[in-house]
Amino acid sequence: MENLFLIRYGEIGLKGENRSLFEDKLLSNIKYSIKKFDKNLSVYKTPGRIFLNTSADKDIVKESLQKTPGLVSFSPVEKVDLDINEIKQIVLKIANSHIKDDSKITFRISARRSNKEYKYDSMDLQYDLGEHIIENIDEDNIKVDLHNPDLDINVEIRKNFAYIYSKVYEGIGGLPAGTNGKVGLMLSGGIDSPVAGFMGMKRGAEIIPIYFHSFPFTSDRTKEKVIDLAKVLANYQNKIDLYIVNFTEILKEINDKCPDKLLTIIMRRLMLKITEMIIEKQNGKAIITGESIGQVASQTLEAIKVTNSVPELPILRPLVGLNKLQIINLAKDIGTYEISIRPYEDCCTVFVPNSPETRPTINQVLEGEKNLNINDLIKQAVNNVEIININ
Amino acid sequence: MDYIYLDNAATTKLHPKVIKKMNNMLSNNFGNPSSLHRLGINSEKEIKNARENIAQIIKVDPIDIIFTGSGTIANNIAIKGAINRLKKFGNKIITTQIEHKSVLEIFKYYETQGIDVIYLPVNKDGLIDIGYLKKELDDDTILVSIMAVNNETGVIQPLEKIGNLLNSYENLYFHVDGIQALGKIEVNIKKANIDLFSMSAHKIHGPKGIGSLYINKDIVIDKILHGSNQEKGFYPGTENTPGIVGFGEAIKHIPTNDELHKMKNLKLSFAKKIQNNITDVKINTPTNNLSAPHILNVSFSKVKGEVLVHSLENDNIFISTGSACSSKKDTTSHVIKAIGIPDKYKEGTLRFSLNKDITKRQLDYVFEKLQNNIKSLRKIMG
């Protein structure tokens, strides 16, 4: 059986001349995510609305639409000819499906008419359809409430058809993924970075996650964990290329040549440098990280300053205003939390200094880096990066 | 790829004859042993043979052997079945601090149910103190469960001494987790007065998903699973015929005494080499006759066990750690904790476990790689 969904989008409407670009991207993102379950789906736009017609399972469609950035809300909808009797029939069917034998529900009809040539106006429709319901359902079971009804039956009269629905599901809103260009995401196995990536996608970015692997100091299970995280994130932008950088030799060199208390800072500086080199090749425009001010030693404002100055690309930190608990709740909502808390810990803790510098200065860090002989290692790491395509 | 597998206490590679035997069962002899027709009877016969093979090795009556889904399930059937049966006679059960999780967790569960549980401490070799056990034993005690060979250090408990001690108590059963012992050391079930003895196939080059339990016909335990009458009703459900037959075949190929002797000598000289050539090590396995021939547990200071495992994996050597790599929480294994270990060794524990095909040349190669890796890792982490 085919189901029709009416899809609403908000912010795209504001985007002026880019409007059709944004709409087309949202259309193709929706198509991509449902195509897996129904090859013959159809998605099309009418002014201000997108319609999806598919035989895929209703719950699966619902779940997919709820993971599509740019989509404000949607409703499973019945499409009928502009014949008042047909409209009455559907409206009554919807009302009946909500009736419970032992209790009374309240309802209203909300009618809109964008097709001004239709012979009934909104007021007429609301009255006639409401009356039809009251006449056909026992008064012990239903009554009208215009202000706070249990059931709100919406009837939209458009050019060729009427669209009728009673349920509105919220989406995540924002902008369609990919409409604002590519950004690199520094993805670790932790809780924060996947959430930061989600925030970027919600604002239209197409993320390219980059993970730094340090076998044997980090278990291959951590790598599997990061791949699983990328798979969850891929649900929001449909496909993701995960970049895995072999960081072991660089880590050893840092450990060997740099002062103990600066290890983490210098490590982060080099990770940013490598990220930028990879992202620029992909024409990326920014780097997203999961940093939040003051959460750990490498996230003091002083530490952020000395890492921030490494890349020329802007570093975006969407979690900067969130507390840990808020980040955890978001991670649970987007489905990455359970993966992030798997116990394969990052053995890079091997390289965590005993007393890290929390107020580093740029001169101090440059001095600390002066013995590093690392350009070849960095080139090698960038050239040998492993790319995993996730669909 | 050529590799050296020294994680035989975790699981073992299937013996080729086991594969052949199982393949035949899977392809041709697929009948349900409960079926009345010839195919059923054929399967039933194969199970009978497997049961006899196991009985012959551990020197008991085949009628006292049941097959289960794993060693863990055998432990559950034995321990829960015994406690449920005997709880009207007493409220105290005894085990050791170094049991496998599949025993310890059952005892912890009964602890929450109001039963008095004693966890016997062990000395630095991992041995329980017989005097301590004697002191704890009383008429209220209904079950003693002590493993034959510890899975982490290989230490062997004095089962016959323990069994003799228990003999004078009525309404007390003696369970032994024999999973690491099977095929590696001689356990005299009769002489040690063992009532319940758990075994597993995949530790002796048999398949996974099949275990076995010896239940002394002179005792009665409750059933913890309910269904038809397969395996005397203790493990109901259609028999895993290929698994059972694989177990029965595997046990025919356990190492001979000569092979065990050779394994032990290889292990001891490997341990000696480590002790003589690598600084700051602690051998956790007793190197006298108190340990099984296949397990060697060693702790190194200034390295993390998991990083060493991954480094050796790069050299195609597969071993196991005694603890997970973690800076946040203390993950030293309960066994290593129980034998007592100085803090500096806590994170660097490795377990090497051999099989009869491991050669001196292989161990020499492993030693060389081990020494190199420790040297370079200590430089980084030290």
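1. Sheet of chain A. In this predicted model, six strands of chain A form an open sheet of mixed pairing, ordered β14-β13-β10-β11-β12-β15. Strands here are DSSP runs of E with at least two residues, helices are runs of H or I with at least four residues, and both are numbered from the N terminus; two strands pair if DSSP finds at least two bridges between them. The edges are taken by β14 (315-316) and β15 (386-390) of chain A, each with a single partner strand, so one side of each is left without a neighbour in the sheet.

2. Conventions. Residues are numbered from 1 along each chain as its sequence is written, while chains are lettered from A and ligands numbered from 1 in the order in which they are written. Because the model is predicted, local features need pLDDT of at least 70 and side-chain atom pairs count only at pLDDT 80 or more, whereas totals for chains, interfaces and linings use all residues.

3. Within the sheet. Strand β10 (residues 182-186) of chain A pairs with strand β11 (residues 206-213) of chain A in the parallel sense, over five bridges. V183(A) stands opposite I207(A) of β11(A). Helix α5 (residues 192-202) of chain A lies across β10, β11, β13 (286-288) and β14 of chain A, and runs at about 170° to β10(A). Axes are lines fitted to C-alpha atoms, for helices over the stretch in contact, with angles from 0 to 180 degrees between N-to-C directions.

4. Strand β1 of chain A. Strand β1 (residues 3-8) of chain A runs antiparallel to strand β3 (residues 49-54) of chain A, with five bridges joining them; I7(A) stands opposite I50(A) in β3(A). Five bridges also join β1(A) to strand β4 (residues 73-81) of chain A, again antiparallel, and V77(A) in β4(A) is the bridge partner of L4(A).

5. Helix pair in chain A. The axes of helix α7 (residues 248-257) and helix α8 (residues 263-281) of chain A come within 10 Å and cross at roughly 140°. The contact is made by I250(A), L251(A), I254(A) and N255(A) of α7(A) and by L263(A), I266(A), M267(A) and L270(A) of α8(A), where contact requires C-beta atoms, placed from the backbone, to lie within 7 Å. These residues divide into seven nonpolar, one polar and no charged. Ala, Val, Leu, Ile, Met, Phe, Trp, Tyr, Cys and Pro count as nonpolar, Asp, Glu, Lys and Arg as charged, and the others, Gly among them, as polar.

6. Helix α7 of chain B. In helix α7 (residues 241-250) of chain B, 10 of the 10 residues are buried, so this helix is largely enclosed by the rest of the structure. A residue is buried if 20 or more other C-beta atoms lie within 10 Å of its own, exposed if 12 or fewer, and partly exposed in between, with C-beta atoms placed from the backbone. The cover includes α1 (16-27), α2 (38-58), β2 (65-68) and β8 (211-215) of chain B.

7. Residue I304(A). I304(A) belongs to helix α9 (residues 301-308) of chain A and counts as partly exposed, with 19 C-beta neighbours inside 10 Å. Leaving aside residues up to four places away in sequence, I304(A) touches E291(A) and Q299(A).

8. Domains of chain A. Chain A is divided into domain 1 (3-170) and domain 2 (182-390), with bounds from an automatic or database domain assignment. The C-alpha centres of these two domains lie 43 Å apart. The contact takes five residues from each of domain 1 and domain 2 of chain A.

Conventions
Contact = placed C-beta atoms within 7 Å.
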